[in-house]
Amino acid sequence: MKMKKIGRLDGKVAVITGAGSGIGRATALRFAAEGAKLVLADWDEEGLNGTLDLVRQEGGEAVAQRTNVANEEDVKALIDLALQNYSQIDIVCNNAGITGSLTSLEDQTEKEWLEVYGVNVLGAVFTTKHIARHMQERRAGAIVNTASVAGIRSGAGGNAYSASKAALINFTQTSACDLGAYNVRVNAVCPGLIETGMTKFVFDIAREKGKVDKLGSRCELRRYGTPDEVAAVILFLASDEASYITGQALPVDGGNTASLNLPGMKF
Ligand SMILES: NC(=O)c1ccc[n+]([C@@H]2O[C@H](COP(=O)([O-])OP(=O)(O)OC[C@H]3O[C@@H](n4cnc5c(N)ncnc54)[C@H](O)[C@@H]3O)[C@@H](O)[C@H]2O)c1
């Protein structure tokens with residue numbers, strides 16, 4: 001059955017990184033359902049091709065390119081491919097991310113920190129750098145970065161991951177300021193706990209122990225979230241409906257960051 005297009009992104013071209021899994025895949029499917037043409041990127045070729053197939057099965061239009069977002073040449077080639085194929089780019093979703101290690105600081109290495117910063121921060125820096133002129137010339141564009149609640153508060157990831165997401169939130173603000181005069185908007189989403197490839201190990205352990213219902217129980221909505229619930233907010237920020245929003249980092253976390261969440265204080 002062909003997808004029903006309701007067209008919130010009709011006529012738009014979107015580049016999505018980390019499209020091979022989780023939130024990126026859900027975003028690709030949502031965007032395609034809303035009429036966008038897609039340029040999908042991921043380091044993992046199998047996942048990437050899986051998303052490409054799903055989008056096409058649903059009647060969407062997309063191309064895909066294996067890309068390491070931490071490599072500037074790769075990112076430049078991705079943007080070039082998008083422009084060759086579609087002549088314009090309206091939306092960039094910087095969504096690729098890695099967690100890095102959860103070990104204590106004393107055991108963390110420089111290499112791990114550089115890897116996490118390479119993907120989670122420089123990935124967004126490189127796409128923004130290489131798309132900026134195109135969007136400035138068209139005086140239109142929306143960039144949505146997938147940050148994390150870990151970039152707002154501690155306790156939701158390792159040191160490098162949290163610091164990288166805080167850096168990404170700040171880069172969202174500085175690039176929004178750089179590009180605002182050209183009508184290019186830059187925003188971020190900050191997901192809480194979402195079941196994806198990245199958090200699979202957490203869910204696997206909880207399922208093994210019969211405790212999956214406990215996951216997310218300390219956030220205000222008392223549950224974890226789904227990739228599609230994040231994709232819905234990415235869609236909003238990328239769409240013209242968010243035309244007066246820029247430089248913001250919006251938690252999509254079931255209310256987690258709204259609370260001090262002190263142990264023993266849930267009634
Ligand atoms: N799942 C959560 O609970 C959660 C919470 C907050 C933020 N996030 C963020 O959401 C984003 C998407 O992650 P997800 O949860 O869907 O996890 P995921 O692991 O399912 O998806 C991440 C994707 O990024 C890709 N990727 C990793 N390194 C890459 C690289 N160097 N170049 C290109 N692609 C690369 C992976 O191959 C994978 O397909 C990430 O930025 C993550 O930090 C996730």
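Two remarks on conventions come first. Because the model is predicted, local features need pLDDT of at least 70 and side-chain atom pairs count only at pLDDT 80 or more, while totals for chains, interfaces and linings use all residues. Residues are numbered from 1 along each chain as its sequence is written.

I begin with the sheet. Seven strands form an open sheet with parallel pairing, in the order E3-E2-E1-E4-E5-E6-E7. Strands here are DSSP runs of at least two residues (E), and helices are runs of at least four (H or I), numbered from the N terminus. Two strands pair if DSSP finds at least two bridges between them. At the edges lie strand E3 (61–66) and strand E7 (249–252), each of which pairs on one side only. From one strand to the next, the twist averages 20°. Strand E2 (residues 37–42) pairs with E3 in the parallel sense over six bridges, and Val39 has Val63 in E3 as its bridge partner. Helix H3 (residues 72–86) packs on this sheet, where H3 touches strand E1 (13–17), E2 and E3, and the direction of H3 makes about 160° with that of E2. Contact means that the C-beta atoms of two residues, placed from the backbone, lie within 7 Å.

I turn now to the helix pairs. Two packed helices are described by the angle between their axes and the distance between the axes. Axes are lines fitted to C-alpha atoms, for helices over the stretch in contact, and angles run from 0 to 180 degrees between N-to-C directions.

H3 and H4 pack at about 35°, with axes 9 Å apart. On the H3 side the contact includes Val75 and Ile79, and on the H4 side Phe126 and Ile131. The residues of this contact divide into five nonpolar, three polar and two charged. In this classification Ala, Val, Leu, Ile, Met, Phe, Trp, Tyr, Cys and Pro are nonpolar, Asp, Glu, Lys and Arg are charged, and the others, Gly among them, are polar.

How do H4 and H5 lie? The axes of helix H4 (residues 110–138) and helix H5 (residues 159–179) come within 9 Å and cross at roughly 15°. H4 is therefore roughly parallel to H5. Angles under 35 degrees count as roughly parallel, over 145 as roughly antiparallel, 65 to 115 as roughly perpendicular and the rest as oblique. Among the residues that meet are Trp113 and Tyr117 in H4, and Tyr161 and Phe171 in H5. This contact of H4 with H5 comprises 14 nonpolar, five polar and two charged residues.

For H1 and helix H7 (residues 227–238), the packing angle is about 55° and the axes are 8 Å apart. H1 and H7 are therefore oblique to each other. Their contact involves, among others, Gly22 and Phe31 in H1 with Pro227 and Leu235 in H7. It divides into nine nonpolar, two polar and three charged residues.

Finally, the ligand. Which residues are closest to the ligand? Of the 29 residues that surround the ligand, the closest are Gly18, Ser21, Gly22, Gly97 and Gly197. A residue is near a molecule if its C-beta atom, placed from the backbone, lies within 6 Å of it. Helix H1 (residues 22–33) gives the most to this shell, with three residues. By class, the shell has eleven nonpolar, 16 polar and two charged residues.
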